[in-house]
Structures are given as C-alpha cells and as structure tokens.
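Hi,

Here's the structure I promised to pass on. Have a look at it first, and then read on for what turned up.

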Amino acid sequence: MNKSYYFKEVDSTNEFAKSLLKEVQEWTVVIADVQKRGKGRLGKTWYSPPEGLWFSVILKPNSLCQLIPLVAGVAVCEAVKELGVDARIKWPNDILINGKKVAGILAEFEEVQLSGDAFAANPYLASQGIQPIVVLGVGINLNISEFPEEIKNIATSLLLEKGKPFDKEKVFKLVLKKIEEKYNVLGNGKVTSPLLDEWRAYSITLGKKVRVWTPNGMIQGKAIDIAEDGALLLKLPDGKIEKILAGECSVQLED
Ligand code: BTN
C-alpha cells in the first residue's frame, strides 16, 4: 500500500478513487466504514453499512488489465479460506458461500494521458502515450447480521456463515496482501496460467449449464472454460462456442 484515504462515510470508495487518478501513485487505497452510494456491477447499488469492509485500490498496470478483477476474486477466496471460510466464485466475480453472495468486485477501467517524465520513464507506455488505470473496488460483507428485505435471500456475511465476528483490519490487510501477491505475478512477464487455474479451482460456474444476461440479451449454454483474457467460454446448444466478455450469470442446478 502506498497511501491510504480513510473515511467514516463516503459516497463510494471507487468514485473517490477516480477523483484522485492523476495525482496518485499505484497502490493508493481508499477505505470507508459506510458508503452512501456504494456501487455494484451493471449499475446496481451496493448495500454498504458500517459492519462491512469497503475499499478501492488504484492500480496502474502495463498490461493484462482484464485479468485484474479475477486477481481480486481469487485473492478474496484465498483470504477467507485462511480465515476458515470456504467461498466460491460465480463468473465473473461474485464471491459466494453456499450460493449466497458474501463479496463483490467492481473494477473500473480508466486512462490518463501521459506527459513529461512519466511518459519517458516507461518505454512500453511511451509507445502508446496513455497510462491504463484500474480502480479495483472490493466489498466484503463482513459482520453484517441482517440484510434488507430485497437482498436477504441472496446475500450473506462472514459473521452469518461462521457465527462469529471478524476483525476488519486483519481481513483488509490479508485481502490486500493476497491482491498484491497475485497482481505481481501478472506483472512479471504475463504469467497468467497459475491465476487462471486458481480461478478455475474456485469457480462454481464451469461445467454447468448457465444463463448469462449480456448487454446484447440473454444467452444460454454450458460454461466450458475461462479464456486468457477472463472471458467466459460458453458452448451453445448448436455446438458453437461463444465468448462472453461481460454479463450477469445464473447457474442452473442440473449438469
Ligand atoms: C458487485 O456488484 O458484485 C460489485 C460490488 C462492489 C462493491 C465495492 S465496495 C467498495 C467499492 N466501492 C463501490 O462503490 N463499490 C465497490
């Protein structure tokens, strides 16, 4: 971690992080007790009371941006496993325990134009003139004992699953350490396969019949694998393979 901004209350840690992009260094972290307008994927809101862990990390990757949400998904699963909780990933990045959502990841992709020293310092980026930036938002339902009516059947918390509260600072440090470890492997010359294999091992989506709601409509098929860029590979009823980059996935019960 480079620098951290802590708020008792903020609209959204991702939004605040986005207001900092030009000035700050990679690994700047924004963390808040409460988010008044916590953001979920696909324009949804994210319930963010003080009992949860809500933070965003600013990353400035040289490549493989699309895999960063997967880095976070695997990192969260590994961290909670160390805390004695068995969590799984539903594509793309819903972290579930017994089918209920315990954590979510919202990665927002931005770019800043490079100039002067920053431009000259990085030959890879100098060829493009832009610096990709990822605001990686992680939300973990830590010690929440009750959820609002609308989500109480689909959400859970570590407290509800383990019957004991968790230390927020300890969980935060552990998850951040796991994100750093996995992200650094990505940065070291495109070694993606260990990460993808770890993701596959935590996935509850692969091998199942699924429905995916994409920006272009609903698509149904068997989830056969995850591609090198994090996309889901679906085998359609006519045998064609479809690559899905973004969407909301529901896993059907039968194989
Ligand atoms: C999802 O829909 O599954 C993604 C939820 C992401 C929530 C986190 S909480 C910290 C960060 N700030 C936000 O406003 N959202 C993310």
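Start with the ligand: 19 residues surround it, and the closest are S12, Q35, K39, R41 and K101. Keep in mind while you look around that this is a predicted model.

An oxygen atom of the ligand is 2.6 Å from an N or O atom in the side chain of K101. T13 uses a polar side-chain atom, which lies 3.0 Å from a nitrogen atom of the ligand. How much of the ligand's own accessible area does the protein cover? It covers 98% of the 420 Å² that the ligand has on its own.

Who makes up that shell? By class, there are five nonpolar, 10 polar and four charged residues. The largest share, four residues, comes from β6, while α1, β3 and β7 are also among the elements that supply at least two.

Now zoom out to the pockets. The ligand sits in the largest one, which holds about 730 Å³ of space. Its lining has 34 residues, with G40, K44, T45, W46 and K101 nearest the centre. β6 gives the most here too, with four residues, and the lining divides into 13 nonpolar, 13 polar and eight charged residues.

The second largest pocket has about 410 Å³ of space. Its 19 lining residues include R41, P69, A107, F109 and L245, which lie nearest its centre.

Terms used: Residues numbered from 1 in each chain as written. Predicted model: local features only at pLDDT ≥ 70, side-chain atom pairs only at ≥ 80, totals over all residues. Heavy atoms only, no water. Near = heavy atom within 4 Å. Polar contact = N/O pair within 3.5 Å; in protein donor to acceptor, adjacent residues only side chain to side chain. Areas by Shrake-Rupley, 256 points an atom, 1.4 Å probe, with all protein chains shown as cover. 1 Å grid on protein atoms, 1.4 Å probe; cavity = no way out; pocket = protein on both sides within 12 Å on 5 of 7 lines; lining within 4 Å. Sits in = over half its atoms within 2 Å of the grid points. Nonpolar A, V, L, I, M, F, W, Y, C, P; charged D, E, K, R; others polar. Points joined across faces, edges and corners; volume = space filled by probe spheres on them.
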